[in-house]
Amino acid sequence: MSDSDDTDVLRELASLPTIASPRVSPDGETVALYYDVTGRNELHLCDPTDGSLEQLSDGDVPRSVRAGFEWDPNGDRLFYHRDEAGDEQHDIWAMSLDGESEPVVEMDGQIHLQDVGEDGETLLFGSSRDGQMNLYRHDLPSGETEKVTDYERAVAAGELSPDGDRIAYATNETDTYENLDAYVADADGSNPRKLGVGDVGAEVAPVDWGPDGDRLLINDNSADLGRTGIVDLSGGDASDGADAADGDSVTWFGDGEFEESASHFLEAGDRFVASRTRGAVTVPVVYDVETGEGHELDFPAGVANVTEGRLADDRLLAYRTTSSRRPELVAYDLDADATETVFEAEYGPFDPDDFVEPETVSFVSDGVPETPARAVDHDPSEAFEIEGLLFDSGRRPSPLIVNPHGGPRHHDSRRFSYRVQFLLSRGYSVLQVNYRGSTGRGREFVRELYDDWGGAEQGDVATGAEHVLDEYDWLDEDRVVVYGGSYGGYSANWQMVQYPDLYAAGITWVGVSDLFDMYENTMPHFRTELLVKNLGEPEENEAIYRERSPVNYVENVDAPLLIVHGVNDPRVPITQARILRDALDDAGFEEGTDYEYEELGEEGHGSGDIDQKIRSLELLDDFLDRRIGAERTGVASLDD
């Protein structure tokens, strides 16, 4: 492949347009979605009968889809978010189907629309206006907004009852940081009642009201693996097979073999949709409320989910992707278990066969790899079988990119990633590790990260790298790079200072470096739901905040490091990158030689703009080419 072909591959991959947040209209005749075919995310309307598109917005929606949108129940407009250059401090606007917009709710802090009343007159949203994320209720006819919850910890999962008289939500009033309880209250927030569901320390959250308003679909992980249930709010006695708790009757679904998470009731309320996670695969399941039987939908091994609502022909709308097939929309016939493509993915000059599917790898880790150099001594932890995904570039020998995921409440799955496929096209193989603390394996696996950030989970990442280097002799142990964003950026920083002998280079993208500064400058709900939940309060746990901050060990960096950060990032503030840069300077490292530093203007915690995707790949490509180098291979030449 010639140099011109290489440049084309970079640009063509980054320019492939991607759909996000599809929503079926109330009448089932239209699908609204975000799509970046113009070069940035815009709201579009899709005709599901022929896949044709009509663009609605024109540069006035967020570049990065961190919050979605909702249909007005009348079907004549959409409620969506606006922010400023990726800062995520959203306001709520309404857009008519002819593209005309007007502001609906404007206030300080971050806003996240959570529900729209079935009468079309009420919005329920979360806002950090007063500090912590709490719920607000906006009356559309009068334009009045009232705060309906006032909790010390963040409030999430707000749901309006069908008649609009009640709300359901989740928060934590206990002294157990990891706890989450479901509540039901009057619409104005009065008379809140914690549901008698779930163990202390478990997480319970409402998902959807039944159409009659007497049932509430919930998620709960009291039994370790996430499970779905329906709470009977009618006040009757528990039925057979249900557990009675504080007057609430709850019926559980599933056999407990896999992690499951409920999504929504189907219209009649006699069935509901859930997601089932099997390792790196996520598939929808439709449960019959009466019989409890689950019907797993037939999708290829990847990630698929079913959106709310139905198409006009009564079929479900589903979003599906695999590691080698880009996201597309399909109509799903439940009776026939048959799909028909509604909106095809764009492949440009490529073909799905050009892209690489991963191999599942597994290894046992006690959190302490064999790599000798460590910044912090860490005693062996409980040994777990850890799974990961290894993408083979086909290059022999092949450099290895270790790519830990963000979150950390997340897990790598078989979904398409233009970044991973680009790295493969350049000859780099890629390893993704679902370290302890990742989702998909239950509450106890997630809890392994509590009080141990930068501990055993980072040992899992390094042990994964050691494992594949030992097992696959075609990997080049002298050219191993760690690259991650957000919490993956924290991992990249930590791997570079904790296990410097393992890596020939590192790339930290919007990464955490100083936990004290992160606590002070991130958004309030991130502070409590991320840092405090995992590490406690810094004044009570000062030692671990200091010990697990990578910036305190920069003298251990022994390979080139690329630091990239968006200046408007509200999740991981730009101060995290600047503190790391300054610490490197103070330790005698030279910018441009020992490390490289890039601040991205007009960008927050990532971006969906095509030009910014191209820029990010160019930064990545240039750094790796100069510092590591690999022959181009993988994705087929554009001349083929």
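## Terms and model

Buried means under 20% relative accessible area, exposed means over 50%, and partly exposed lies in between (1.4 Å probe, protein chains only). Helices (H or I, at least four residues) and strands (E, at least two) are DSSP runs, numbered from the N terminus.

This is a predicted model, in which local features need pLDDT of at least 70, side-chain atom pairs count only at pLDDT 80 or more, and totals for chains, interfaces and linings use all residues. Residues are numbered from 1 along each chain as its sequence is written, and side-chain values use heavy atoms, with hydrogens and water left out.

Let's start with helix α2, residues 418–425: seven of its eight residues are buried, so the helix is largely enclosed by the rest of the structure. The buried residues are Y418, V420, Q421, F422, L423, L424 and S425. After α2 comes G427, with a positive phi near 100°.

The loop between β32 and α2 holds P408, which is joined to G407 by a cis peptide bond with omega about 0°. Another cis peptide bond links R396 and P397, here with omega about -10°. P397 sits in the loop between β31 (384–391) and β32 (398–402).

Next, a look at the strands, where two count as paired if DSSP finds at least two bridges between them. An open sheet is built from four strands in the order β5-β6-β7-β8, with antiparallel pairing. Its edges are β5 (70–71) and β8 (101–105), each with a single partner strand, so one side of each has no neighbour in the sheet.

Strands β6 (residues 77–82) and β7 (residues 91–96) are paired over six bridges. H81 stands opposite I92 in β7.

## Positive phi outside glycine

N191 is not a glycine, yet its phi is positive at about 55°. Its loop runs between β15 (181–186) and β16 (193–194), and N191 counts as exposed at 57% relative accessibility.

V510, also a residue other than glycine, has a positive phi near 40°. V510 lies in the loop between β35 (505–509) and α6 (515–521) and is buried, with a relative accessible area of 7%.
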